[in-house]
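My notes follow the order of the look-ups.

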Amino acid sequence: MTVARIALVPGDGIGSEVVAQGRKVLDAVLPGIEATEYDLGAARYHRTGEVLPESVLQELAGYDGILLGAVGDPSVPPGVLERGLLLKLRFAFQQYVNLRPSRLWPGTSGPLGSVKPGEIDFVVVREGTEGLYAGAGGTMHTNTPAEVATEESLNTRHGVERVIRDAFARAGKRERRKVTMVHKTNVLTHAGGLWARTFAEVAREFPDIATDYQHVDAAAMFLVTQPQRYDVIVTDNLFGDILTDIAAAVTGGIGLAASGCINPERDFPSMFEPVHGSAPDIAGQGVADPVAAVLSVALLLDHLGHPEQARRVEHAVAVELSSRTPGQALRTDEVGDRLAAHASAA
Ligand code: NAD
Ligand code: IPM
Ligand code: MN
């Protein structure tokens with residue numbers, strides 16, 4: 001019996017290496033998942049000139065979820081695949097909650113070695129469809145000394161309110177019940193004003209949730225020096241992108257950081273992907289850490305309504321990370337096999 005239909009988009013570089021491990025673990029914990037692989041990314045672009053044909057977009061809209069590896073390749077001009085494939089999917093499927101959990105796993109060490117597993121556990125709710133990513137702006141007098149380029153940040157009341165509301169709702173289900181908004185309201189007064197007013201208004205509807213505000217530069221510092229202070233962080237698209245790479249670095253590295261691009265209304269499929277990219281520097285060597293992709297599978301399982309299986313996947317990751325020794329060489333497929341075995345046994 002088919003329990004869910006998902007689309008796999010391995011993409012570029014290490015994307016295919018880590019998605020293969022995600023699939024192993026998924027099959028181990030939830031037999032009956034029907035997974036269909038889509039060939040999108042640099043290879044297809046070079047072969048056919050296509051990035052994301054409309055017909056494929058329509059087909060993807062019919063799945064229960066999408067597991068994506070990574071997109072982007074040095075042989076393709078920057079932005080072609082990132083905007084044309086990844087951002088197009090996030091925007092078309094209204095995945096406005098870009099959920100990026102950070103946890104210090106057993107076996108990993110925290111910032112400056114002083115923080116212990118369990119002490120860092122926060123989630124960044126990154127706005128996923130607006131901000132500087134919207135693509136507004138342009139260029140004039142290109143390739144002349146008078147060249148001008150602008151990138152405008154698009155912030156709508158609707159878009160800001162819905163993501164802030166989601167952050168409060170999430171905080172309500174967590175132990176510490178705290179939301180920190182991160183922005184740069186002291187400089188970006190137009191967008192910052194909208195975010196600050198909306199945050200204050202939504203906060204009034206959630207009187208039992210504690211609130212805090214930090215400018216993004218300060219947040220970048222505190223994420224490194226005191227990551228324990230955070231519970232739920234809500235922020236705009238670009239700040240969230242940058243802060244979640246920092247968050248990954250302080251919780252064991254980019255190879256462990258998972259994400260969900262979520263459409264809470266379920267009008268469209270949500271998409272699950274590692275925070276990392278295609279890592280051209282290690283692609284094809286079989287040494288990429290698949291844990292981020294596997295933890296993204298746990299987020300997918302939660303989204304599909306299989307929390308017990310999601311916890312088994314997380315347990316498998318905890319066992320795997322606890323058994324690692326610093327400097328140990330890592331083989332992507334071997335880690336995938338071990339994770340699948342641990343998850344089956346759990
Ligand atoms: P990256 O995340 O691909 O790599 C940064 C560094 O982290 C590299 O040294 C890489 O080897 C390492 N790394 C990343 N994932 C790893 C893993 N699983 N295991 C071990 N090491 C890992 O970022 P980048 O180099 O800035 O970008 C490379 C390409 O990926 C670009 O084309 C970029 O646009 C794209 N990108 C895509 C996504 C995505 O698809 N979601 C995310 C980020 C970057
Ligand atoms: C990420 C990536 C993407 C982003 C790029 C590749 C479009 O960096 O998922 O974090 O900036 O959102
Ligand atoms: Mn990023």
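**Helix H5 and its packing**

I began with helix H5, whose buried residues pack against S4, strand S5 (121-127), strand S8 (178-183), helix H6 (189-204) and strand S10 (232-235). Contact here has C-beta atoms, placed from the backbone, within 7 Å. Helices (H or I, at least four residues) and strands (E, at least two) are DSSP runs, numbered from the N terminus.

A note on provenance: the model is predicted, local features need pLDDT of at least 70, side-chain atom pairs count only at pLDDT 80 or more, and totals for chains, interfaces and linings use all residues. Residues are numbered from 1 along each chain as its sequence is written, and chains are lettered from A and ligands numbered from 1 in the order in which they are written.

I listed the buried residues of H5: Gly159, Val160, Val163, Ile164, Asp166, Ala167, Phe168 and Ala171. Buried takes 20 or more other C-beta atoms within 10 Å of the residue's own, exposed 12 or fewer, and partly exposed lies in between; C-beta atoms are placed from the backbone. An α-helix has 3.6 residues a turn, so residues three or four places apart point the same way.

I then checked the length of H5 (residues 157-172). Its 16 residues should span 22 Å at 1.5 Å a residue, and the end C-alpha atoms are 22 Å apart, so the two agree. The expected span is 1.5 Å times one less than the number of residues.

**Val202**

Next I went to Val202, in helix H6. Is Val202 buried or exposed? Val202 counts as buried because it has 24 C-beta neighbours inside 10 Å. Leaving aside neighbours within four places in sequence, I found Val202 in contact with Glu161, Ile164, Arg165 and Phe168. Ile164 is 38 residues from Val202 along the chain, yet their C-alpha atoms are separated by 7.3 Å.

**Strand S11 and the sheet**

I moved on to strand S11 (residues 258-262), where five of five residues are buried. Ala258, Gly260 and Ile262 point one way, Ser259 and Cys261 the other. In a regular strand the side chains alternate between the two faces of the sheet.

What does S11 pair with? Strand S4 (residues 97-103) is antiparallel to S11 over three bridges, and strand S12 (residues 270-274) is antiparallel to S11 over four. Pairing requires at least two DSSP bridges between two strands. Cys261 is the bridge partner of Asn98 and, in S12, has Met271 as its partner. Ala258 stands opposite Pro274 in S12.

I traced the open sheet of ten strands as S2-S1-S3-S12-S11-S4-S5-S10-S8-S9, with mixed pairing. Strand S2 (33-37) and strand S9 (210-215) are the edges, each pairing on one side only.

**Ligand shells**

Last, the ligands. I counted 20 residues around ligand 1, the closest being Gly72, Gly255, His276, Gly277 and Ala279. Helix H1 (14-29) and helix H4 (80-92) are the elements giving two or more residues to this shell. A residue is near a molecule if its C-beta atom, placed from the backbone, lies within 6 Å of it. By class I have eleven nonpolar, five polar and four charged. Nonpolar means Ala, Val, Leu, Ile, Met, Phe, Trp, Tyr, Cys and Pro, charged means Asp, Glu, Lys and Arg, and the others, Gly among them, are polar.

Around ligand 2 I noted Gly72, Glu82, Leu86, Leu87, Asp241, Val275 and Gly277. H4 gives the largest share, three residues.

How values were computed
Two residues are in contact if their C-beta atoms, placed from the backbone, lie within 7 Å.
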